[in-house]
Amino acid sequence: MHHSIYLIRKDFVLVRKFLYLLIIYYISMGFANWSTYSMFAILPPMLLLINSCTLDVHQSNQRFLVSLPVRRQELVLAKYLVLIPFTLFGFASALVVYGIAGIVGHGSDPTFWKEMGITLGAFPLLAAIYLPLYYWLGTKGAQVVNIVFMLTVMLGSSSVAKLFEWSPLLTTWMKSESSNNMLQALIAGIAYIFVMSFSYFISVRIFEKKDVS
């Protein structure tokens with residue numbers, strides 16, 4: 001487990017230059033898109049994940065890592081654990097844009113926190129689909145998968161507001177002060193953990209059988 005800390009650090013070292021560009025880009029984008037907080041929450045972590053995976057492939061990091069005395073399960077686990085700091089970075093990005101919007105007089109959105117919860121929760125689910133494909137396809141189909149996922153995130157984040165308009169249940173939940181149905185929340189939490197665990201075991205199974213050379 002302690003190896004995962006160094007592997008997570010490795011991912012941040014890979015994306016550190018990209019991280020600076022991302023911050024500048026989203027600060028500038030924020031002035032033109034104050035209301036699309038969900039885009040600022042999900043797009044940065046997805047870009048960081050895709051960038052770290054792409055650099056791993058291009059720099060042949062997997063070939064080096066499997067030669068170390070580290071189990072492949074730990075290598076995969078680190079990719080899933082890095083989703084946590086990536087998600088926090090996305091939340092921080094959205095929070096900064098939201099705060100600046102309030103300072104310059106664009107008003108506050110009472111549904112901000114719930115929208116952030118839904119959006120940030122969607123990122124690990126997207127990663128749960130992306131990572132098994134990343135381990136399966138490797139260099140062969142990585143570019144196509146990256147393009148598809150980026151388009152999905154960009155189109156999906158820009159249509160979150162419309163999703164709430166189309167779904168009366170989501171609109172009611174967003175406007176409500178609290179959720180009284182703890183059973184539904186519990187079922188959703190269990191399903192969420194199951195999806196992430198299932199994705200992890202698929203990735204481990206693929207990577208254990210993969211010939212990294």
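The side chain of Ser199 makes a polar contact with the side chain of Tyr80 at 2.6 Å; the term denotes a pair of N or O atoms within 3.5 Å, where, within protein, one must be able to donate a hydrogen and the other to accept it, and residues adjacent in sequence count only if both atoms are side-chain atoms. This is a predicted model, in which local features need pLDDT of at least 70 and side-chain atom pairs count only at pLDDT 80 or more, while totals for chains, interfaces and linings use all residues. Residues are numbered from 1 along each chain as its sequence is written, and side-chain values use heavy atoms, with hydrogens and water left out.

Ser199 belongs to helix H10, residues 182-209; helices are DSSP runs of H or I with at least four residues, numbered from the N terminus. Is Ser199 buried or exposed? Ser199 counts as buried because its relative accessibility is 4%; buried means under 20% relative accessible area, exposed over 50%, and partly exposed in between, with a 1.4 Å probe and protein chains only.

I turn now to charged pairs. The structure holds 5 salt bridges, each a side-chain nitrogen of Lys or Arg within 4 Å of a carboxyl oxygen of Asp or Glu. One of them joins the side chains of Lys10 and Asp56 at 3.0 Å, N to O. Lys10 lies in helix H1 and Asp56 in helix H2, so this pair ties together parts that are 46 residues apart in sequence. Lys10 is partly exposed at 21%, whereas Asp56 is buried at 2%.

Another salt bridge links Lys79 and Asp11 at 3.2 Å. Lys79 is buried at 3%, and Asp11 is buried at 2%.

Methods
Helix = DSSP H or I, 4+ residues; strand = E, 2+ residues; numbered from the N terminus.
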